[in-house]
Amino acid sequence: MEAVVALCKRRGLIFPASEIYGGIANTYDYGHYGVLLKKNVVDAWWKAMIQERDDIVALDSAIIQHPRTWEASGHLKGFTDPLVDCKTCKLRFRADHLGELQCGRKPSKHPGETDECDLTESREFNLMFETTIGPVQEAGSTVYLRPETAQGIFLDFKTTLGFARRKPPFGIAQVGKSFRNEITPGNFIFRTLEFEQMEMEFFVPPDEAGRWYDYWRQARLDWYVGLGIDRERLRLRDHEPDELSHYSSETADVEYLYPIGWSELEGVANRGDFDLTQHAEFSGDKLEYFDPNTKERYVPHVIEPAAGVGRTVLALLCDAYDEDELGGERRTVLRLHPRIAPVKVAVLPLLRKDGHPERAREIFQELRRHVSAEYDEGGHIGRRYRRQDEIGTPLAVTIDHQTLEDGTVTLRDRDTLAQDRVPADELVQRVTQLTR
Ligand code: GAP
């Protein structure tokens, strides 16, 4: 994990937020390549949910919803973590994670292990961030930053049903930020205070819920394999009954073998009719489907695959991180699947003179119309390759004196290190084919 964190910082993919003020707990910023990587993950998710199917529609609901939402969903009452405070070091810890945490005074010990530690009784703290609508805090109404994107989908179920021209089984998909006031042992971006979720609520006739649950469990696992993640480091784990969330009758986690051990990448839950029934009761609005063929009226059941963008990015980075030796030197390389790599091809003039930069720029202009490409003429060619290896760029094109003579360039493969001589006018076709 330290090596991945160091690489992310060195290449500006992901780094601590508010760093000039000393950072802020469990909060990270994404720099240029991190943004591109994240975007590729989100695009791949939309592609799987929308472009490749015709039974799911998209939604972008508000982060701040009516406060009754969280009463109905059960979050106001039940979305809590057990926490203890240490009166000596003034730090707060997850009561159920003490064994993984460091004592504030003696980091080699766990909280509660030294004579100085003075822990309070465990108390339940709600994970939702509160804020106020209105300019005057006392007179305003208390609202919450959403802890999951899912509830916005349930609130808009009826509206969406009205215009989407779909009937169950059909899904509503959404990507957006969620917020949780988490106390964590700090495993980089694994658990953060704000994070992006990719959630889809799939509404089905009640008697089809079991079948669709099985379907989405498998489909979601397969999606990660399609991103190039090693199948051996992925697994499905069914929740024990005492682990289930208050809304779920069955849940399976897609887990990845992170450096911190097997941990949740995504949850697939059978939420039954819990959410629609609750919101119908709290709002007084009927949230049902009327089937004009059977003349039957029912509350659809919901199967929910809920993924995290940051967790996926972290799994991709851990899975792709590699070190090898090249010409007697250590090389760090991100072996990202080309589809996910932030930059698909780097265009590098061998020299900064003799017409190389001019021809390289022409080639770059042509390539960037088709794929994410980067032009780099600064420094020794070996150093420039190494930089691209570190951000996971699968291909590099080098323009040299031969290019000017016979119109060919070298095409270097990040993984095999093969350098093929290729006619420049075949590059677009080659590169798009190899990075699909
Ligand atoms: N709507 C269901 C739901 O929110 P969840 O298991 O709490 O279920 C779904 O969250 C996914 O969101 C997780 O599998 C994880 O990928 C991501 N996630 C949840 N909390 C997170 C956090 N604090 N930081 C980063 N990702 C988080």
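Begin by selecting arginine 297, which is exposed because its relative accessible area is 52%, in a model that is predicted. Side chains of opposite charge can pair when their charged atoms come close.

Next, select aspartate 322 and arginine 335, a salt bridge in which the closest N and O atoms are 2.8 Å apart. This pair links distant parts of the chain, with aspartate 322 in strand 17 (residues 321–326) and arginine 335, 13 residues away, in the loop between strand 18 (329–334) and strand 19 (345–349). Aspartate 322 is partly exposed, at 28% relative accessibility, and arginine 335 is partly exposed, with a relative accessible area of 28%.

Then move to arginine 387 in helix 11 (residues 381–390) and glutamate 374 in strand 20 (residues 373–375), which form a salt bridge with their closest N and O atoms 3.2 Å apart. Here arginine 387 is partly exposed, at 25% relative accessible area, whereas glutamate 374 is buried, at 13%. To see a network joined by salt bridges that share partners, select Asp322, Asp324, Arg331, Arg335, Asp389, Arg412, Arg414 and Asp415 together. A search of the whole structure finds 42 salt bridges.

Now turn to the ligand and display the 21 residues around it, of which Glu148, Arg180, Glu182, Glu199 and Glu264 come nearest. By class, this shell has 10 charged, seven nonpolar and four polar residues. At leucine 265, a polar backbone atom is 3.0 Å from an oxygen atom of the ligand. The ligand taken alone exposes 550 Å², of which the protein buries 91%. Colouring strand 10 (194–204), strand 13 (261–272) and strand 16 (301–308) picks out the elements that give two or more residues to the shell, and strand 13 supplies its largest share, five residues.

Finally, select Ile63, Ile64 and Ile133, a nonpolar surface patch with about 230 Å² of accessible area together. Isoleucine 63 lies in the loop between strand 3 (56–58) and helix 3 (68–73), and isoleucine 63 is partly exposed, at 32% relative accessibility.

Terms used: Residues numbered from 1 in each chain as written. Predicted model: local features only at pLDDT ≥ 70, side-chain atom pairs only at ≥ 80, totals over all residues. Heavy atoms only, no water. Near = heavy atom within 4 Å. Polar contact = N/O pair within 3.5 Å; in protein donor to acceptor, adjacent residues only side chain to side chain. Areas by Shrake-Rupley, 256 points an atom, 1.4 Å probe, with all protein chains shown as cover. Helix = DSSP H or I, 4+ residues; strand = E, 2+ residues; numbered from the N terminus. Nonpolar A, V, L, I, M, F, W, Y, C, P; charged D, E, K, R; others polar. Patch = residues over 30% accessible without salt bridge, like charges linked within 9 Å, V, L, I, M, F, W, Y side chains within 5 Å. Salt bridge = Lys/Arg side-chain N within 4 Å of Asp/Glu carboxyl O. Buried < 20%, exposed > 50% of the residue type's maximum accessible area, 1.4 Å probe, protein only.
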